[in-house]
Amino acid sequence: MPSTNLIKRDWEKDHVYLIQFPRAGLIPTPSPYAFKVETFLRIADIPYTNIDNEFSKTSARKQIPFIELNGRQHADSSIIIDNLVEHFHKTELESFSAADKAIARAFYALIEHHLCWVSIYSRGQDFNWLATPAGFGRQLTGIKGFAFKNFLVKKFASTVRGRAKAQGMGTFQKEEILDQTKKDLDALSTQLGDKKYLFGNSIKAIDATAFAHLAQLIYTPQFSPEIKTHLEEKTPNLLVYVKHIRDDYWPDWEETTETMNMNTKWKKD
């Protein structure tokens, strides 16, 4: 049965509607999960349209982002990608040898269940940039902008701070978190080596995940400048890796962050 609480009721068959937060100033989206899904859609060449959630719309599971496809709603970024791979027959994006499949799964866990908490922790320390032009500031004016800057950002910071503590990383000393971050980056750097992508010259779904989370570390404020220094001095291949994916699949990066347009044209004719 189709979902009854659809955002897009006049949907087009086999067209994905991605519901996510508006664009931001430093990065197309400060949500690594929305960024992962949108990057995957571009890698997989699946037709999609973004829909602004207006800071209020969530899935039936109370998650952002979520998609609507053929009258059905799908939530959780990883489950979304699994469903897209199956529906659009994009199995080549998850095609590995048995050994590489195990390694890819391990790196997925490292990125999504460990490294991701660095940005979450950072935002729990200071999320004020979200209300500036670097974040959503240009989209929020008047009373709405005042409320966002003075109340909602503090609420967001408190929420993610609580999540980081519940997960465990939020209870660490800053030096301990920095040490853990460096180890994660070193592991990713070693796996990447001198390859274009994590598993060779062909891009995979895991690359959308790695790109989305690394981009948050590179382009948005973090709790320590040592993270950027480590990337530049110890794992520069990760910076090259992110740039490759950005150049190939986000040629409209500057346009999206300057205009806040959620549906810029990114594919060349």
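Contact here means that heavy atoms lie within 4.5 Å of each other. Keep that in mind as we walk through this structure, which is a predicted model.

**Helices α6 and α8**

In α6, the residues Asp207, Ala210, Phe211, Leu214, Ile218 and Tyr219 meet Leu238, Leu239, Tyr241, Val242, Ile245 and Arg246 in α8. Sorted by class, this contact of α6 with α8 holds 10 nonpolar residues, no polar residues and 2 charged ones.

Two packed helices are described by the angle between their axes and the distance between the axes. Helix α6 covers residues 205-219 and helix α8 covers residues 236-249; they pack at an angle of about 110°, and their axes are 10 Å apart. Angles of 65 to 115 degrees count as roughly perpendicular, and α6 and α8 are therefore roughly perpendicular to each other. The crossing in which α6 passes α8 is left-handed.

**Helices α7 and α8**

Helix α8 also has a partner in α7, which spans residues 226-233; these two pack at an angle of about 90°, with their axes 5 Å apart. That angle makes α7 roughly perpendicular to α8. Leu231, Glu232 and Glu233 on the α7 side meet Pro236, Leu238 and Leu239 on the α8 side. The contact of α7 with α8 divides into 4 nonpolar residues, no polar residues and 2 charged residues.

**Helices α3 and α4**

Now for another pair. The axes of helix α3 (residues 98-125) and helix α4 (residues 142-167) come within 8 Å and cross at roughly 140°. That makes α3 oblique to α4, and the crossing of α3 and α4 is left-handed. The residues that meet are His113, Trp117, Ile120, Tyr121, Arg123 and Gly124 in α3, and Ala157, Val160, Arg161, Arg163, Ala164 and Gln167 in α4. By class, the contact of α3 with α4 has 6 nonpolar, 3 polar and 3 charged residues.

| Helix pair | Angle | Axis distance |
|---|---|---|
| α3 and α4 | roughly 140° | within 8 Å |
| α6 and α8 | about 110° | 10 Å |
| α7 and α8 | about 90° | 5 Å |

**Two domains**

Let us step back to the whole chain. The protein chain is divided into domain 1 (16-92) and domain 2 (96-257). The C-alpha centres of domain 1 and domain 2 lie 17 Å apart. How many residues of domain 1 are in contact with domain 2? There are 25 residues of domain 1 in contact with 35 residues of domain 2.

The size of an interface is often given as the accessible area lost when the parts come together. Between them, domain 1 and domain 2 bury about 2600 Å², and 67% of that is on carbon and sulfur atoms.

**Two backbone details**

Most residues other than glycine have a negative phi, and most peptide bonds are trans. Two places in this model are worth a look with that in mind. Aspartate 14, in the segment before β1 (16-20), has a positive phi near 60° although this residue is not glycine. The peptide bond from isoleucine 64 to proline 65 is cis, with omega near 5°. Proline 65 sits in the loop between β2 (48-52) and β3 (66-69).

Terms used: Residues numbered from 1 in each chain as written. Predicted model: local features only at pLDDT ≥ 70, side-chain atom pairs only at ≥ 80, totals over all residues. Heavy atoms only, no water. Axes fitted to C-alpha atoms, helices over the stretch in contact; angles between N-to-C directions. Helix = DSSP H or I, 4+ residues; strand = E, 2+ residues; numbered from the N terminus. Parallel < 35°, antiparallel > 145°, perpendicular 65-115°, else oblique. Left-handed = near helix turned anticlockwise from the far one by under 90°. Nonpolar A, V, L, I, M, F, W, Y, C, P; charged D, E, K, R; others polar. Domains from an automatic or database assignment. Buried area = accessible area lost by both parts, 1.4 Å probe.
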